[in-house]
Every structure is written in C-alpha cells, then in structure tokens.
Amino acid sequence: MAPVPGSTPSDGLGRRRFLTLAAGLSLGTAAACTAAPPRPQSTAAPDRRLRPEAERDAPGTADWRLGSTGPPEAVAGYTDRVSVTPGEPFGLHVSTTAASFRVSAFRVGWYGGSRARRVWTSERIPGRAQPAPRLLPATRTVRADWPQTLPVDTSGWPEGAYLLRLEADTGHRRHVPLIVRSAEGAGRTVLLHAPATWQAYNRWGGSSLYNGASGAYATRSLAVSFDRPYDGDGAEKFLVYEWALVVLAERLGIPLAYTTGIDVHRDPAVLRGARAVVCLGHDEYWTPQQRAHVTAARDAGTNVAFLGANTCFRRVRLEAGERADDRTVICYKTDYRADPCYGSRPALVTTDYRLPPAADPESSLTGVLYEGYPVDAPYVVRAADHWLYDGTGARTGDSFAHLVGVEYDRIIPGAPAPGPVEITAHSPLVCGGRPSHSDSAYYTAAGGAGVFATGTMRWVEGLVAGTGMLGRDHGMDARTRAFVTRTTENLLRTFAEGPAGRHAPPPRANVRAVYGA
C-alpha cells in the first residue's frame, strides 16, 4: 500500500484518528453503483484424479523460470479468466515483436524440490504486435482488449496455481499467472489467491490504482482491468507473496484446494466444510461479498490464516469488462465521494474498510489492524511456548532480523475485536519516525475456528530467506527461513485437523498485559 496525500507513510489510518472515527460510527469501466449478482458455478462432479495430493511426488521440471524478459514489448500476454476449473478452456491474448512464440504451462508445487511441473506446451504460434492499449477517460482505466491469440484446453490439468510461460523465438520470456480452481473444498485447506491485489498494483500501460502515467497519485486509475498483461516479469506479486507457500503446503501433503478472492466473491461453495482458508502474503483488496463469505466460513468452524499484512484493507467492487463479467476492479480510495455508490449504497463505496461512509475495520475478521509502511525490523517472539512455535527452538525475546516489513499490522486497543486475542510476537519498530509495534496474533471464534495473523508482509518471503530464489532476501537469513518454515508447518498441520479451538490449546488473552490498556 503506497501512502496517499494527507497521510504520513507510516500512518495507515493513525491510532488517534481511528479511535475518533470508530467512536462515532457504526462499525459493522465507468464505474456504476452495482453489486454483481452471483455467477452460477459448474455443478459437474470434480475428477478426483486432478486433486493436488496426487501431484506431490510426481516428476518435476527444474526449467520453469524465465531468463531474459527483454523490453516490455518483446512478449506479453493475459488470460481472459483469472481462474478456470480443470477441463475448462480459456483464451490467451499475446503481443510480441518476435516472428513466433510458444507457451508452456507449469503447475507450481513441491515435485521433489523442482517446485514446478510442465503440464502442456503449445505448438509454435505466429507472433503479432498488438495495438496500443486504450484509456477509458472516466476512470482512467487502461485496457488492452487484444483479440484472442489462441484458445487453451485445460483437460487433464490438476487443480493448482500455474505459471504460463510465453517463450518468444528471440529468447525473451514472460509469465502469465492462472489458477486452476477447485470446485469443492470440504475437508481441505483452501489456498486463497489474490488477483484483485495483483491488478491493483499493475502499472502495465502506465496506470494502476496508485499512480497515473505521470506518476502522480491524483491521475491514478479509479478502476483497473484484467484485460491487459501484468507489468514486469508478468507474475511478480504471485511469485513474491504466494509461490513459496504453495510449494510448502504441497510438500506437506495436506489435502489442498485452490481458489481466488474473485471466485469466493462470486460463490462461497469452495469454503463449505473446508478445514482452513489461507490468505497469502499480500491480499489487500476485498469485495464486501468476499469478506462476508470468509467471515461466514470462520463462524462455521473453518480456520483462517493471514500470512501477510494489510489484508482486507480496501473495499472494492467488481464490474464487467469488454467481453466478460468481473474483469474490472473499482476502488476510488480517497476520492470516495465521487464513487457512484456514495449517497445511495454506502456499504459498496470503495475506500478503506475502516473509513466512512460505512466503516467496518478489518480487525473484526483478522484480529489485527494495518498500521504502517515502509518498515524494516526484527520479528520478536513473545510467547515462545505457543504451539505455533513448537520445534523452532525459539525462546521468548528471540528476534529474527528483517522479518517485519515492508508493511505491518498490530493490535490497537479499542479497535473492533473478534474476541480474546493472544499476541504471540510483539516486535518494536520505527516507521516514519514514530515508534510502534508489529503483532502476530491468535484467537478462536465461537464456532471453534482458530485464526492467526502474522502481522508482517514478509512472512511468505521468509520461507525462502537466504536462498536467493526471489532475487532478494531483505537481509533475512537461513535461521529466519528455518523459523518461519517450522512455524508455518505447525500452523498448516494444526489447521488441517479441523477447528483449532476444539483440539489445540486456546489463546491466552494478553492484550492488556502487553499494551497496558
């Protein structure tokens, strides 16, 4: 989350301002004020042969990385859906300056340490440089709207997270992310991918929800489209904040299901009977429907893990694109009074969840509140005897350098809370010149669900700290990697057993002891 005019970089909302607002408020495309109706999902019985468990020990493919991406115009593309079910086709839209290219589809997983398996490769396809993108002036939305280059049949593709690699004959390559989603999640741990957040930060074509072509916040997009490629290598947000957790979860061999926030927005069926839902390293942009569905799953006994920070911070709406539903992510942020819903449907106004006109801070679900950016600080263990830290060797007061960053969450006494909370890590930091803390927190809901939030955006990156796999480690080392990995293994295994409030030690409420309030 980038700072916006009128706030300090560390501010998020600011503790005093939040408490003042909360005291007087009920907490609880050319964009239009519409709530998209649920879209019916396929009722066909899923093929159990395509479930993730069968993939754990399959032969992998070490050659799944990119190499040279070349200039932005060398090769780029996007899919016409953020997810499909196994066997469902999708369209791929590609632009390249090369004479021809191929596409390889890699499923991310453990695969004996290879971390991916090639499941499909296309024939060589003639290349074509597509037209420049167009800008929708009302919301400054960039759309490519390229014609379809090729249809792709996913028959035989197992459920999971995929990287499509565009391979130009010039040697340049780019990724395109795709989720092959699960139709059902009963008895499984659901990995919840965050394409709305990927798109919010996407600057392909010059504009994102943060900056316009000039680089200024004032000229940013008010709505962003999935009908365009991602910038950079094509899958940066997935690789940095999600990839390493997918690999770890598959290595553990626990029953997994895959979906996205956009799919949960449409239909919560995959959450019914799930053992756990895992929100990954950066999942900032949620529709009210997605939030309501995840909250209902928690209340029904599904454990929830938040393995990042800044989660569920922004309220968004989804609207159609040129050819399909839910291809546009709308968020007016500080210009919320210009949102067409303002004055008529306040619960759909796209701004921070904690702000008017329908304030509903994220802490009622996550247990913590986003506070600041940017920060780099050690992670300090407070409750070393918590089951989360079993086998890590950590003692109370031990610290792990650089694990808190670049954004962080904390407990703010007086904010809406889901119940008694135990702070398991309490990490001093300074952000924007102001001292504060990042908190890891655990609570249980009335239905038995356990809920854990790491309070730091670097948690998933910490799973590969010291390896150089992501090209940067922020100074985190192998000791941090071992600590984060064992803690995450404890979390996933415990949550995979069912409602943690019924079989794991309960939280020991300590917010008053920690904060003296």
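With which side chain does the side chain of glutamate 371 make a polar contact? Select glutamate 371 together with serine 436, and you will find their side chains joined by a polar contact of 2.5 Å, where a polar contact is a pair of N or O atoms within 3.5 Å and, within protein, one must be able to donate a hydrogen and the other to accept it, residues adjacent in sequence counting only if both atoms are side-chain atoms. Glutamate 371 sits in strand β21, residues 369-380, and it counts as buried at 2% relative accessibility; buried means under 20% relative accessible area, exposed over 50% and partly exposed in between, with a 1.4 Å probe and protein chains only. Helices (H or I, at least four residues) and strands (E, at least two) are DSSP runs, numbered from the N terminus.

Before going further, note that this is a predicted model, in which local features need pLDDT of at least 70 and side-chain atom pairs count only at pLDDT 80 or more, while totals for chains, interfaces and linings use all residues. Residues are numbered from 1 along each chain as its sequence is written, and side-chain values use heavy atoms, with hydrogens and water left out.

Next, select threonine 366, which belongs to helix α7, residues 363-366, and which is buried at 4% relative accessibility. Its side chain reaches the backbone oxygen of valine 368 at 2.7 Å. If you leave aside the neighbours within four places in sequence, threonine 366 is in contact (heavy atoms within 4.5 Å) with Phe306, Thr311, Tyr443, Val451 and Ala453. Tyrosine 442 is 76 residues from threonine 366 along the chain, yet their C-alpha atoms are separated by 9.2 Å.

Move on to histidine 282, in the loop between β15 (276-279) and β16 (285-286), where this residue is buried at 3% relative accessibility. Display the side chains of tyrosine 201 and glutamate 284 as well: the side chain of histidine 282 makes a polar contact with that of tyrosine 201 at 3.4 Å, and another polar contact, of 3.0 Å, joins it to the side chain of glutamate 284.

Now colour helix α4, residues 243-252, and helix α9, residues 478-496, which pack at an angle of about 60° with their axes 11 Å apart. That angle makes α4 oblique to α9, because angles under 35 degrees count as roughly parallel, over 145 as roughly antiparallel, 65 to 115 as roughly perpendicular and the rest as oblique. To see the contact itself, show Leu245, Leu248, Ala249, Arg251 and Leu252 in α4, which meet Thr485, Thr488, Glu489, Leu492 and Arg493 in α9.

Staying with α4, nine of its ten residues are buried, so this helix is largely enclosed by the rest of the structure; among the buried residues are Trp243, Val246, Val247 and Glu250.

Finish at leucine 150 in strand β9, residues 150-152, which is buried with a relative accessible area of 10%. Neighbours within four places in sequence aside, leucine 150 is in contact with Phe90, Gly91, Leu92, Trp120 and Ile125. For a distance to check in the viewer, leucine 150 and histidine 172 are 22 residues apart in sequence and 19 Å apart in space, C-alpha to C-alpha.

Notes. Axes are lines fitted to C-alpha atoms, for helices over the stretch in contact, and angles run from 0 to 180 degrees between N-to-C directions.
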